[in-house]
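The following exercises are to be worked with the sequence and the model at hand. Each task is followed by a solution in steps.

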Amino acid sequence: VGVDRPKIVGNPWVVGSGGDTHVIPVVGVNAAGYIYCMQQQPNSYTVDNYKSQGPDDYEDFAILGSTVATTMMYPNLIKKADGNYAIWNRITSAYYACIAQSTSELESWGTNTAITNITIGSTRHYISTPHNPNVGTWFYTLISRRYDGSLNWSAFFLLKTQDFSTFYNWEGTVSVTPPSTLSDTNLDSDFSYFIGSSATQYCIPVACMSPQGKFYCVIKDSSGDHVLWRRNAGDTAWEDVVITGISNIADNATIGADAQGSAALQIVAYSDTNIELIIRVDEGAYYRPQRWKSTDRGDTWIYIESPF
């Protein structure tokens, strides 16, 4: 059934002081088909939980009596093997990566537990949950480090877990179990897999896993170029491919480069070689999302459409 119009849930239109609302929502569906929308309050650290009034009902939502958390920003939702959920997030003003887990699908949530801690001054950790984060028995997530002074991202760390209690690096040779946490030194020595010269301001990376376990991620480097990083499960090294400037003249479409306007919005891997990318392109008067596909692991790209 098609959705004929967007549905406003909560108050995303309320802009607080400074215009930085942080109201980034995540959506989950329970086994009975009820839809849950978790959204951070504008300029606050409280994540509210809205529930549809019936299965598959996107028209009517009501806020639940209890919030997901009061110390959470930028939530990322993952469904666990037992049907419950985990929310990766960044905690309030401390800026490190945390995880909270549900005990009744999407309604009751446990303590927000720290996984990393900040040991480099004036930095923050951000979470990017890959599309299709579950491969086999492993669940993956990406943590990136941003420097406040330059507003640049410069290092990206991949973690995996089977039970959401112990978290490993890509090779599975180093792990941490809360309440122990990963310092920036730990991340740099054991979890740092690809380094950007410095990703452009407010460009959180997008990532995905293929069903076979290949990892893809798109970031922006300091020149505004979009760079695709990739690695197979058994590979010993990362590969990077600059995808900026790829164009389809017939459709007047180009994967653009600029300081802030263009940004990767989503990447999906249908197999190890077949991937799709939705990217926001600066067209001067406005931004337009474009959909591209690659059948050779990102070496070449074909423009599909501008879906909106």
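**Exercise 1.** In which sense do strand E2 (residues 35-40) and E3 pair, and over how many bridges? Determine also the surroundings of E3 on its other pairing and its burial.

*Solution.* The model is a predicted one.

Step 1. E2 and E3 pair in the antiparallel sense, over 5 bridges. Within this pairing, Gln 39 has Asp 48 of E3 as its bridge partner.

Step 2. E3 also pairs with strand E4 (residues 61-63), again in the antiparallel sense, over 3 bridges. Here Lys 51 stands opposite Ala 62 of E4.

Step 3. Sort the side chains of E3 by direction. Val 47, Asn 49 and Lys 51 point one way, while Asp 48, Tyr 50 and Ser 52 point the other way. All of these residues are buried.

Step 4. Since 6 of the 6 residues of E3 (residues 47-52) are buried, the strand is largely enclosed by the rest of the structure.

**Exercise 2.** Describe the open sheet that contains E16 to E19, and identify the strands at its edges.

*Solution.* Step 1. The sheet has 4 strands in the order E16-E17-E18-E19, with antiparallel pairing.

Step 1. Strand E16 (206-209) and strand E19 (239-242) each have a single partner strand, so one side of each is left without a neighbour in the sheet. From one strand to the next, the twist averages 20°.

Step 2. Consider the pair E17 (residues 215-220) and E18 (residues 226-231), which is antiparallel over 6 bridges. In E18, Val 227 is the bridge partner of Ile 219.

**Exercise 3.** Which residues have the most contacts inside the largest nonpolar core, and which elements give two or more residues to this core?

*Solution.* Step 1. The largest nonpolar core has 20 residues. Those with the most contacts inside it are Leu 142, Leu 158, Phe 194, Phe 215, Cys 217, Ile 219 and Trp 238.

Step 1. Two or more residues come from each of strand E5 (73-79), strand E11 (138-147), strand E12 (152-161), strand E15 (192-199), E16, E17 and E18.

Step 2. Take Trp 238 as a case. Not counting residues up to four places away in sequence, Trp 238 touches Leu 158, Tyr 193, Phe 194, Phe 215, Trp 229, Arg 230 and Arg 231.

Step 3. A second, separate core has 18 residues, among them Ile 78, Ile 99, Ile 127 and Val 176. As a general background, nonpolar side chains in soluble globular proteins tend to be buried together.

**Exercise 4.** How many helices and strands does the protein have, and what percentage of its residues is buried?

*Solution.* Step 1. The protein has 1 helix and 25 strands.

Step 1. Of the 308 residues, 50% are buried. The accessible surface comes to about 13500 Å², and 49% of it belongs to carbon and sulfur atoms.

Definitions and conventions: Residues are numbered from 1 along each chain as its sequence is written. This is a predicted model: local features need pLDDT of at least 70, side-chain atom pairs count only at pLDDT 80 or more; totals for chains, interfaces and linings use all residues. Side-chain values use heavy atoms; hydrogens and water are left out. Buried means under 20% relative accessible area, exposed over 50%, partly exposed in between (1.4 Å probe, protein chains only). Two strands pair if DSSP finds at least two bridges between them. Accessible areas come from the Shrake-Rupley method with a 1.4 Å probe; for residues, only the protein chains shown count as cover. Axes are lines fitted to C-alpha atoms, for helices over the stretch in contact, and angles run from 0 to 180 degrees between N-to-C directions. A nonpolar core is a set of buried Ala, Val, Leu, Ile, Met, Phe, Trp, Tyr and Cys residues joined through side-chain atoms within 4.5 Å. Contact means heavy atoms within 4.5 Å.
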